[in-house]
Every structure is written in C-alpha cells, then in structure tokens.
Amino acid sequence: HYAFKKLGSPNALGFDKKCLSLWAPVLVMYWCTAMTLWLMRREYKHIIRLRNRFWLCRPPQMYTVLVDEIPPHLKLSTRDSLWEHFDSIFPGQVVRVDIVATYGETNNTLRKLRRCSDR
C-alpha cells in the first residue's frame, strides 16, 4: 500500500514539487488550443462573409419571373388567382407562385443581408 502512494507522488518520478518543467507542456497545450480556436473563428467569419456575398450576388434562376404593379382591376391579390391567371397564359408551365406583400419589409431584409455580408 505504501509503495503505491510513493509511486503516485511527484518525487517518485524525480520531479521536485516546486519544479515548473512539469507545467510547461500544459501551458503550451492551452496556448496552442487557444490559438487554434481563435484561427478557426477568424476563418469561419471569413467563410460566412463569402457565403453571404455569393447568395446576394447570385443571379435569379432562368425561369423566375418578377411581376410588379399588377392592375387592381384584375383582382389578382391571392396566390390562387395569380396561379390561375398565369396558368391560363402559360398552360402547364407555372411551377410556383409567390406573393411579396410589402416591398418595404423585403428591402429592409435585403439591407440587413448586405450589412451582414460587409462585416
């Protein structure tokens, strides 16, 4: 029992209790870990900026059509009425219909995305 206690002490390995050489590898390990995490965080921010720029500068798909200022007399204010109207003009070619209700909200979202990409 005494032999195991003696092996567990720092003196059993030839180190003095006040010896700092035992702590040097630990400090180097913490420093390397901190530097690695810092570099990874910096690279991740750069990747986010590049990704945002890509999505903001990406041209719309070839089959996307933006229609604005629809005359009110056509009564095309709902998704279904827009679908029916464009399906009658282009039968079987309408894939999806989306309505953007307020342009101010969309413009604010675009401004926020651009600010994020500039950071």
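These legends walk through several close-up views of a predicted model.

**View 1**
The protein chain has four helices and zero strands, and reading along the sequence gives the pattern α-α-α-α. Of the 119 residues in the protein chain, 6% are buried. The accessible surface of the protein chain comes to about 11400 Å², and carbon and sulfur atoms account for 63% of that surface. If we take contacts between residues at least 6 apart in sequence, 31% of them join residues at least 24 apart.

Which helix has the lowest mean pLDDT, and which the highest? Helix α1, residues 2-8, has the lowest mean among the elements of the protein chain, at 51, while α2 has the highest, at 92. Over the protein chain the average pLDDT is 77, and 72% of the residues score at least 70. Where pLDDT is low, the predicted coordinates should not be read in detail.

**View 1. A nonpolar patch lies on the surface.**
Here we meet four residues, Trp 31, Met 35, Trp 38 and Leu 39, which together make a nonpolar surface patch of about 430 Å². Let us pick out Trp 31, which lies in helix α2, residues 24-57. Is Trp 31 buried or exposed? With a relative accessibility of 55%, Trp 31 counts as exposed, because the cut-off for exposed is over 50%.

**View 2. Asn 52 is a buried residue of helix α2.**
Staying in helix α2, we now look at Asn 52. Its relative accessibility is 15%, so Asn 52 counts as buried. What does Asn 52 touch, once residues up to four places away in sequence are set aside? The partners are Cys 116 and Ser 117.

Asp 118 is found in helix α4, which covers residues 103-118. At 59% relative accessibility, Asp 118 counts as exposed. Along the sequence, Asp 118 and Leu 50 are 68 residues apart, yet in space their C-alpha atoms are 9.5 Å apart.

**View 3. Ser 81 is buried in helix α3.**
This view turns to helix α3, residues 79-89, where Ser 81 lies. Ser 81 has a relative accessible area of 16% and is buried. Leaving aside neighbours within four places in sequence, Ser 81 is in contact with Lys 75 and Leu 76.

How many salt bridges does the structure hold? The count is two. In one, Asp 98 pairs with Arg 79, and the closest N and O atoms are 3.2 Å apart. Asp 98 sits in the loop between α3 and α4 and Arg 79 in helix α3, so this pair ties together parts that are 19 residues apart in sequence. Asp 98 is partly exposed, with a relative accessible area of 46%, and Arg 79 is partly exposed too, at 47%. The side chain of Asp 98 also meets that of Arg 96 in a salt bridge, at 2.8 Å from N to O. Arg 96 is exposed, with a relative accessible area of 64%. Through shared partners, the salt bridges join Arg 79, Arg 96 and Asp 98 into one network.

Methods: Residues numbered from 1 in each chain as written. Predicted model: local features only at pLDDT ≥ 70, side-chain atom pairs only at ≥ 80, totals over all residues. Heavy atoms only, no water. Patch = residues over 30% accessible without salt bridge, like charges linked within 9 Å, V, L, I, M, F, W, Y side chains within 5 Å. Areas by Shrake-Rupley, 256 points an atom, 1.4 Å probe, with all protein chains shown as cover. Helix = DSSP H or I, 4+ residues; strand = E, 2+ residues; numbered from the N terminus. Buried < 20%, exposed > 50% of the residue type's maximum accessible area, 1.4 Å probe, protein only. Contact = heavy atoms within 4.5 Å. pLDDT = per-residue confidence, 0-100.
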